[in-house]
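This report covers a two-chain model. Please have the sequence and the structure open while reading.

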Amino acid sequence: MSASGDTIPVNRYSRAVWRRNATVWRKLIGPSLATNVLDPLIFLFAFGYGLGAVIDRVGGLNYLSFVVPGMMCYAAMFAASFESTVSVYARFHMQRTWDAILATPVTLTELMLGEMSWAATKGMFASCCVIAVGTIWGGIGSFWGVAAALPVLVLGAVCFACTGLVVTAHAQSWDVFSYFFTFWVTPMFMFSGTFFEVTRFPWFVQVIAWVLPMTHLIAVVRPVAAGLPVDPLATAGHLVYLAALASAAFWLARRRFSARLFG
Amino acid sequence: MEGKVSTATPVIAVEALEKRYGEVHAVRGVSFSIWPGTCVGLLGPNGAGKTTIMRMIMALAQPTAGRLSLFGQAPSALGRTMRERVGLVPQEDNLDPDLSVRQNLEVYGRYFGRPSLELAERVPRLLEFMQLGERAGAQVMQLSGGMKRRLIIARALIADPELIILDEPTTGLDPQARVLIWRRLTDLKREGKTLLLTTHYMDEAQRLCDRIIIIDGGKVLDEGPPRDLIDRHTRAYVVEIPKPLPTGLDEAGLERNDIGDAVLYYANDPVEVTRRLPPQATYTTRLANLEDVFLRLTGHGLREGG
């Protein structure tokens, strides 16, 4: 492959890409903070009053403590997915920012790592906004639990960023992203256990649900964040699934980007 | 090339280079060398293969066949070290639209791994050099075409490269903007930088380049210093006579080239042609330039290649 292929990635160069995105985002921090805080507020208000009134306890938790960890995952998933698809596509294809970067010592792998870690950062930012809102609203069962859940959320955000990059690497136009949101993001919102337990769905929906990384993420984050007993073996299984999916997605995305950029 | 010290390593050496994109044979066996401290122009119409050659030199495209070396090594073997020594001015505007003029340079400097302290000192100097000092805080969108071009050149200089590759640096700019860029490129040459530029402007090539490589259809047609090329392929003067030609014009012994609505005659002294014309005939006489060389070599004008 070309020069961008065979150099061992160096953190400094990925960080330069991460910092580029952070520099741009700094100007938008006000609106970004507002939407990231308002979104979960609206959700919690609506679901807290709406469903919380009908549902007493779910899975051994009151509904608020059940739904806040789910929303922490959802916020990370949505923000990381959006950034790694729509925003990366703009820089890769529309603005040609990637072409400019690839003419510098930054390699494709470093560029992708920078973009991926930035998307994960935005996911974590959104997730932390939910934690802040959840704390005020009274949906945080255990603060130590939430602290312990953070590294797991990082892995989840990385996984969503990597899977998003696969779609971006194959995208020929903006249209593909509407399919991405309909067939990937929305199912993870509805079927992965954010608002109800996965076991409420018929078996074939459950099969699909366990393919989605979000289901595995919630399965780990919820008990940890709520301070409930954790099944070590199942937890390990979920984490391995997330890590494996992230690695495979990154590899696939890299292969496709490389062919498109240097072919 | 002639008269250069033979022990010097060429900055770029290309040998029998080929590139195919599926059915399209974009580059068909190109060879040339570029020596340190020289300015070399790749001249050819749109679609001649200039950009593809540059992309292969930058290791942004993989050659289908042939050999290519940069600073004496294969670009793929050099990897990052090579990129640190080369500044690229691409043909299309890929400035970062989300950043200000100053930030475009600072962020780009970080891609080269340059520390903030060094950039804080270097960025204002580069902006001054390209006469953009007053626009440092402006957004890229607010810049004119000429300013954008200057900013792209400043960006390519951020890591003080030894080799600067410029893909059509002045295409689409007004005369003043072009002159300013030419002046800066001349400054860089004086500093001892090696420049490789593509252009389809004759005056640009003639003015800036020590050597010119004429390319068409993915092949090198000829190369050499501009003056040599003119001497080799055409005469000192060109007499252009519009059609219809005067009846009974004696063309014996004249070199001619039919360009559609007129015929060009090449002569070392224009009188060789004009004495054959009837007194009322209209014609224009000018010094031969690279355009004529190109016309002679390819049989078609430079700008119609598209």
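## Basis and confidence

This is a predicted model, in which local features need pLDDT of at least 70, side-chain atom pairs count only at pLDDT 80 or more, and totals for chains, interfaces and linings use all residues. Residues are numbered from 1 along each chain as its sequence is written, while chains are lettered from A and ligands numbered from 1 in the order in which they are written.

The model scores ipTM 0.90 and pTM 0.89. For pLDDT (the predictor's confidence in each residue, from 0 to 100), chain A has a mean of 91, with 98% of its residues at 70 or more. Chain B averages 88, and 95% of its residues score at least 70. Helices here are DSSP runs of H or I with at least four residues, strands are runs of E with at least two, and both are numbered from the N terminus.

Both chains have a stretch with pLDDT under 50: residues 1-5 of chain A and residues 1-6 of chain B. Contacts are counted when the C-beta atoms of two residues, placed from the backbone, lie within 7 Å. Beyond four places in sequence, the model has 20 contacts for the stretch in chain A and 3 for the one in chain B. Where pLDDT is low, the predicted coordinates should not be read in detail.

## Chain B overall

Chain B contains 11 helices and 13 strands. Its C-alpha trace spans about 75 × 45 × 40 Å along the principal axes. Among the contacts of chain B with a separation of 6 or more, 70% are between residues 24 or more positions apart.

## The six-stranded sheet

In chain B, 6 strands form an open, mixed sheet in the order β5-β6-β7-β3-β8-β9. Its edge strands are β5 (86-89) and β9 (219-224), each of which pairs on one side only; pairing requires at least two DSSP bridges between two strands. Neighbouring strands are turned by 15° against each other on average, direction ignored.

Strand β3(B) is largely enclosed by the rest of the structure, because 5 of its 5 residues are buried. In a regular strand the side chains alternate between the two faces of the sheet. Cys39(B), Gly41(B) and Leu43(B) lie on one side of β3(B), Val40(B) and Leu42(B) on the other, and all are buried. β3(B) runs parallel to β7(B) over 5 bridges, with Cys39(B) partnered by Leu195(B). It also runs parallel to β8(B), joined by 4 bridges, and here Gly41(B) stands opposite Ile212(B). Ile212(B) in turn stands opposite Gly224(B) in β9(B), and β8(B) and β9(B) pair in the antiparallel sense over 5 bridges.

Helix α6 (residues 145-156) of chain B packs on the sheet, touching β5 and β6, and its direction makes about 165° with that of β5(B). Such angles run from 0 to 180 degrees between N-to-C directions, and axes are lines fitted to C-alpha atoms, for helices over the stretch in contact.

## Helix α11 of chain B

Helix α11(B) (residues 290-298) is mostly covered, with 7 of its 9 residues buried. These are Leu290(B), Glu291(B), Asp292(B), Val293(B), Phe294(B), Leu295(B) and Arg296(B). The buried residues pack against elements of chain B including β3 (39-43), β8 (211-216) and α9 (226-233). Just after the helix, Gly299(B) takes a positive phi of about 80°.

## Contact between the chains

The contact takes 23 residues from chain A and 28 from chain B. On the side of chain A, α1 (11-26) and α4 (97-102) each supply at least two residues, and the largest share, 7 residues, comes from α1(A). By class, this side has 11 nonpolar, 6 polar and 6 charged residues (nonpolar: Ala, Val, Leu, Ile, Met, Phe, Trp, Tyr, Cys and Pro; charged: Asp, Glu, Lys and Arg; polar: the others, Gly among them).

The axes of α1(A) and α4(B) come within 8 Å and cross at roughly 160°, which means that the two helices are roughly antiparallel (over 145 degrees; under 35 is roughly parallel, 65 to 115 roughly perpendicular and the rest oblique). Tyr13(A), Ala16(A), Arg19(A), Arg20(A) and Thr23(A) of α1(A) make this contact with Gln103(B), Val107(B), Arg110(B) and Tyr111(B) of α4(B).

Methods:
A residue is buried if 20 or more other C-beta atoms lie within 10 Å of its own, exposed if 12 or fewer, and partly exposed in between; C-beta atoms are placed from the backbone.
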